[in-house]
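I opened the file to look up a sheet, a helix and a pocket. My notes follow in the order I made them.

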Amino acid sequence: MDTSTSVITAACLRADIILAEVTVRDAQSHGELLAPTLAAAMDEAGCVPGDLRRIVVGVGPGPFTGLRVGISTALVMGHALGIPVVGVCSLDAIAAGVGDRYPEFIVTTDARRKEVYWARYAVTGGQFARVSGPHVCRAGDLPADIAALPAVGAGPQLYPESLRPGVGPRDVSAASLGHLAAREDLLLAPDPLYLRRPDAVPSARTPSFAPTPR
């Protein structure tokens, strides 16, 4: 499952075989849509939670709320079912869809605040490797050598003046996450890659609950 971008995506795999994949586009309703998306994927695959043997979750980078929904759901399910939960960088899942089109490229996703999350990849022998990142910055602030590379993900549509469009997925595929779980070099702890502080922060004022003197 992945909730790091404007899509909520879930898939069921048996080894390398994709049994089902369900994706819903909604940038604001991850909390409401993830559970029914998971249920729909399992229904389509003909399985129930007790059939699951491992959970793979995209750990971002991504906005605070979306990542929190996906990772907390994965951890709760893993605990309830007694099965392992592993993380995969969500940008890696997008990179997996590029194939061997380019020797080098970048993956860029929407970080809001006019910024992008990005990582640089190199392809050798038909297999990609992340060689830099993930990072976050304004698209226009990318170093010239990075901005000159083909860019996949949502970034080129959002900032065409700063990024060179490449051929590849716009969003994360949960099926790609599942496939990448076979690569031990890509597995991470199921901890969110926030890269920056959340937009919502507590007030600096500490409320006082002491009784008002009379």
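Which residue just after α2 takes a positive phi? I looked it up: G82 does, with a phi of about 70°. I note that the model is predicted.

**The sheet.** I traced an open sheet of three strands in the order β3-β4-β10, and its pairing is mixed. Its edge strands are β3 (55-58) and β10 (187-188), each pairing on one side only. I reminded myself that strands of a sheet pair through backbone hydrogen bonds, either parallel or antiparallel. β3 and β4 (residues 85-88) run parallel and are joined by four bridges. I checked V57 and found that its bridge partner in β4 is G87.

**The helix.** I then turned to α2 (residues 64-81), which packs on the sheet and touches β3 and β4. The direction of α2 makes about 170° with that of β3. I counted 18 residues in α2, and from first C-alpha to last the helix reaches 26 Å, close to the 26 Å expected at 1.5 Å a residue. Its buried residues include L67, I71, A74 and G78. An α-helix has 3.6 residues a turn, so residues three or four places apart point the same way. I found that the buried residues of α2 pack against α1 (30-45), β3 and β4.

**The pocket.** I looked up the largest pocket last, and it holds about 650 Å³ of space. Its lining has 26 residues, and those nearest the centre are A11, C12, L13, L52 and R54. I asked which element gives the most to this lining, and found β1, with five residues. β1 (7-14), α1, β3 and α6 (174-180) each supply at least two lining residues.

Key. Residues are numbered from 1 along each chain as its sequence is written. This is a predicted model: local features need pLDDT of at least 70, side-chain atom pairs count only at pLDDT 80 or more; totals for chains, interfaces and linings use all residues. Side-chain values use heavy atoms; hydrogens and water are left out. Two strands pair if DSSP finds at least two bridges between them. Contact means heavy atoms within 4.5 Å. Axes are lines fitted to C-alpha atoms, for helices over the stretch in contact, and angles run from 0 to 180 degrees between N-to-C directions. The expected span of a helix is 1.5 Å times one less than its number of residues. Buried means under 20% relative accessible area, exposed over 50%, partly exposed in between (1.4 Å probe, protein chains only). On a 1 Å grid over the protein atoms alone, a cavity is a set of points where a 1.4 Å probe fits but cannot get out, and a pocket is an open set with protein on both sides within 12 Å along at least five of seven lines; lining residues have an atom within 4 Å of a point. Grid points are joined across faces, edges and corners, and a volume is the space filled by probe spheres set on the points.
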